[in-house]
Amino acid sequence: MHQSYVTVSHQLKQIIVTISGSNSVGDWLSDLAIGSTDFLPNSTQLSHAIESHVARQRSLLERADLLLQNVLQYMFPTYDVTFVGHSLGGAVALLGATDLVHEGLFPGPKVRVFTQGQPRVGNRAFRKFVQKLHLKEVTRVVNYGDPIPHFGLQSWGFRHVMGEYWIKLDGTLQSCDDSEEHDGEDTICQNTLEPIGSVESHTHYFSWINGEPHPDFLKVGSHAEL
């Protein structure tokens, strides 16, 4: 079952929206789906898999938006908003942050995105659209051998949004150059590998397992389950 949490971290001064991701064979098959759909009228397109997962998570995102707009931004007006997600949950986290800023609910410089094992969400136009929102931070962590970040395929026009950090085979973290010079994706990070790998490489990131936060994560501050 997909779940989302809204956690307030007073130590970090952040409102954290956590979205669960792929935790079943059906979800993993959705990650691999190929195809695109219009997102905005300016040639911005999303993967069919991402669109369908957003539809399943829509009520959760709407409740998170209502909580952010009507309660939390007034209780904690100086706090940033951070969207966190694993796998398809990471894709939804990116779209949730994009929607929040695009709709004028929060300014881009107060919104962050942190994802793990996230598939490609949209095409080049979508990547440039997100860049123009001037989000405070977009961090996309990729495990060595995780196949999911390779989908949707580049050959079908999909591109990641900048911000890759690659966990190398020896466990060290490498900051990647995702500039336009590299078409938004550094060729010496995840793209050095073929889109094959292990389930464990996708499901185990730091203290997260199967897209669910370690229980200690929820002890950072007060939280609400959506």
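Student: What makes Ile19 part of a strand?

Tutor: Ile19 sits in E2, a strand covering residues 14–19. Strands (E, at least two residues) and helices (H or I, at least four) are DSSP runs, numbered from the N terminus. A word on the source: this is a predicted model, where local features need pLDDT of at least 70, side-chain atom pairs count only at pLDDT 80 or more, and totals for chains, interfaces and linings use all residues. Residues are numbered from 1 along each chain as its sequence is written, and side-chain values use heavy atoms, leaving out hydrogens and water.

Student: Why is Ile19 called buried?

Tutor: Its relative accessible area is 1%. Buried means under 20%, exposed over 50%, partly exposed in between (1.4 Å probe, protein chains only). So Ile19 counts as buried.

Student: How far apart are Ile19 and Tyr5 in space?

Tutor: C-alpha to C-alpha, 6.7 Å, though they're 14 residues apart in sequence.

Student: What makes H3 "mostly covered"?

Tutor: Of its 15 residues, 13 are buried. Over the protein chain, 52% of the 226 residues count as buried.

Student: How do you know that the span of H3 is close to the expected one?

Tutor: The expected span is 1.5 Å times one less than the number of residues. For H3, residues 88–102, that gives 21 Å, and the helix reaches 21 Å from its first C-alpha to its last. After H3 comes Gly104, with a positive phi near 75 degrees.

Student: How many helices and strands does the protein chain have?

Tutor: Five helices and 14 strands.
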